[in-house]
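Please read this note beside the sequence and the model. It goes point by point, from whole chains down to single residues.

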Amino acid sequence: MLTLENLSFGVQEDRKEKEIIHDLTLSIDDHKFVVITGPNGGGKSTLARLIAGIEHPAQGRIIFDGIDITDKNITERANLGISYAFQQPVRFKGVQVLDLIRLAAKKKLAAADACTYLSEVGLCAKDYINREVNASLSGGELKRIEIATVLARGTKLSVFDEPEAGIDLWSFQNLISVFERMRDKTDGSILIISHQERILNIADEIVVIADGRITAQGPKEEILPGLLGTASAVDACSKFYKGGQ
Amino acid sequence: MAGSVNFSNIDSIQMRLLEEVAGLHQVPAGAYNIRTNGQMAARAVSANIEIVSKDDGMGIDIHIKPGTKNESVHIPVVLSQSGLTEMVYNDFYIGDHADVVIIAGCGIHNGGDQDSKHDGVHRFFVGKNSKVKYVEKHYGSGDGKGKRIMNPGTEVTMEEGSYMEMEMVQIKGVDSTRRSTRADLAAGAKLIIRERLLTHGTQFAESSFVVNLNGQDSSANVISRSVAKEDSIQIFNAEINGNAKCAGHSECDAIIMDNAKISAVPKITANNTEAALIHEAAIGKIAGEQIIKLMTLGLTEEEAEAQIVNGFLK
């Protein structure tokens, strides 16, 4: 489904080229639920942005469903079947939740149909459908709406960049069940960037990235035990408990 | 003058303008006065709403009886003759305890090389505890070299406990506009103004508000959202004077694009320690992340931009 071949990507920092992704090769098979983890600053989010077309690699190719999409822009990749959920969802003054879901679904959905996507992410649809996607929504609400837009697209590949970032513990519990349902229902592949043990725990496959390179890759059963207790597999409650001490 | 009026004297261009500015497809329900090319083209009154021409022919007086509920008045103006310049004064006298909707609007089609200009002054006298919704749309079309110019002036006098909501929209085709709105509020009166403006090409638009909160517990909220594209210029002045225990808020939110220029000049003055006044003004371009988000949903960059502008001005 998706193959990254010898990808490299760097940025200019203090007039020097700093490489974020080094000669990285990775394949994501059809119908797979893959979680990418690893230390902060290791290049995970950059990798997601390279797949969505927001960033372009200095070297290497990206092949999606047999098509070389390396030179294709964000829109073209979206229309070929790649969805991308932002780590920090964007706010829009004046654009309603219903507008955004209709744009995602690419059809003039009836409000009731749009509501099913919101219910799916645990939002009481009638309270939200006419709200503006602006600063009046909390981080957790925005995050769920962001996920609902990806669900509404129903594409072959869905990429989520740290879906747990910025949401409260209560919402996080629900988020896990959203992903579990997606995993059961979807036809396509799901790629999630996450440090959360409970998300890693529902993966088919885990990829660990550090310093722009893959340091471990394989079925969950093989990889997860080695990650437990490290920053790459955080217990949802650990920060919560630490805060209480 | 009352009763059924057919629209046989309104041509197809004028009809299209009427549709743009007043949403009219046919003879509207309730009272109306339609002015085309400087002449009265159609009028209807109701048992509670009287419309009379001023003696000098330069406008109309609209009298709404006290206690009139759920009635509407349409008073659109359209110009389709190139080079026409007019100045109109319309006065609205709204009795106490009324609840009405007033739909104004001006459309200019200029297919010629001479400037067409409509200057209108609307004065509202809103009676005690009355509720008024006022909608005003401005629209221009035609590909002649002549400019389409509109300079609307609005003066509002609100008596005790009255409520007025004004919606003013200018989205397309007006080359030059200088809008001035002034309101005086008595005790307990509440005013809400929503303005939406889009300029493009070399258009110029200036909008100035002066709101005087004179009575105890009066309040005003002035909200302007605008988009300036290409080489257009916008100026927004909002002045709120708190002369009693009152609450005032003004907000100017603008998207700037291309080579446009926008300036926002909010001013609040408190002449009483119990006056609570706030102003907010923000000008900025469309955030790159907003475009990227919509592109990840499959929109092109241009479609994304149009969607963001439409949402913002909705």
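The numbered points below describe a predicted model.

1. Chain A as a whole. Chain A has 10 helices and 10 strands. Its radius of gyration is 18 Å, close to the 18 Å that the globule rule gives for 245 residues, so chain A is as compact as a globular protein of that length. Along the principal axes, the C-alpha trace of chain A spans about 50 × 45 × 40 Å. Of the 245 residues, 42% count as buried. Among the contacts in chain A with a separation of 6 or more, 68% are between residues 24 or more positions apart.

2. Chain B as a whole. Chain B has 3 helices and 20 strands. A compact globule with 314 residues would have a radius of gyration near 20 Å, and the 20 Å of chain B agrees with that. Taken along the principal axes, the C-alpha atoms of chain B fill a box of roughly 55 × 55 × 35 Å. Buried residues make up 44% of this chain. Of the contacts in chain B between residues at least 6 apart in sequence, 81% join residues at least 24 apart.

3. The two domains of chain B. Chain B is divided into domain 1, residues 1-169, and domain 2, residues 175-288. The centres of these two domains, taken over C-alpha atoms, are separated by 23 Å. Their contact takes 25 residues from domain 1 and 23 residues from domain 2. On the domain 1 side, strand 10 (131-141), strand 11 (148-158) and strand 12 (163-172) of chain B each supply at least two residues. Strand 11 gives the most to that side, with 11 residues. By class, the domain 1 side divides into 10 nonpolar, 8 polar and 7 charged residues.

4. A residue in strand 11. Ile149(B) has its place in strand 11 of chain B. Is Ile149(B) buried or exposed? A residue counts as buried if 20 or more other C-beta atoms lie within 10 Å of its own. Ile149(B) has 20 such atoms within 10 Å, so it is buried. Leaving out residues up to four places away in sequence, Ile149(B) touches Asp115(B), Ser116(B), Lys117(B), Asp175(B) and Ser176(B). Ile149(B) and His118(B) are 31 residues apart in sequence, yet their C-alpha atoms are 6.4 Å apart in space.

5. Where chain A meets chain B. The contact between the chains takes 20 residues from chain A and 17 residues from chain B. On the chain A side, helix 2 (74-80), strand 6 (82-85), helix 3 (97-105) and helix 6 (139-153) each supply at least two residues. Helix 2 of chain A provides the largest share of that side, 4 residues. The chain A side has 11 nonpolar, 5 polar and 4 charged residues.

6. Helix 6 of chain A. At 1.5 Å a residue, the 15 residues of this helix should span 21 Å, and its end C-alpha atoms are 22 Å apart, which agrees. Of those 15 residues, 13 are buried, so helix 6 of chain A is largely enclosed by the rest of the structure. After this helix comes Gly154(A), which has a positive phi near 55°.

7. The largest nonpolar core. In soluble globular proteins, nonpolar side chains tend to be buried together. Here the largest nonpolar core has 146 residues, and the members that touch the most others are Ile51(A), Ile101(A), Ala148(A), Val159(A) and Leu191(B). Helix 6 of chain A gives the most to this core, with 7 residues. Domain 1 and domain 2 of chain B each contribute at least three residues to this core. Beyond its neighbours within four places in sequence, Ile101(A) is in contact with Leu109(A), Ala114(A), Tyr117(A), Ala148(A), Thr149(A) and Ala152(A).

8. Two loop residues to check. Most residues other than glycine have a negative phi. His31(A) is not a glycine, but its phi is positive, about 55°. His31(A) is found in the loop between strand 2 (16-28) and strand 3 (33-37) of chain A, and it is partly exposed, with 13 other C-beta atoms within 10 Å. Glu230(B), also a residue other than glycine, has a positive phi near 50°. Glu230(B) lies in the loop between strand 16 (218-228) and strand 17 (233-242) of chain B. With 13 other C-beta atoms within 10 Å, Glu230(B) is partly exposed.

Note on methods
Residues numbered from 1 in each chain as written. Chains lettered and ligands numbered in written order. Predicted model: local features only at pLDDT ≥ 70, side-chain atom pairs only at ≥ 80, totals over all residues. Contact = placed C-beta atoms within 7 Å. Nonpolar A, V, L, I, M, F, W, Y, C, P; charged D, E, K, R; others polar. Expected span 1.5 Å × (residues − 1). Buried ≥ 20, exposed ≤ 12 C-beta atoms within 10 Å, placed from the backbone. Rg over C-alpha atoms; globule rule 2.2 N^0.38 Å. Domains from an automatic or database assignment. Core = buried A, V, L, I, M, F, W, Y, C linked by C-beta atoms within 7 Å.
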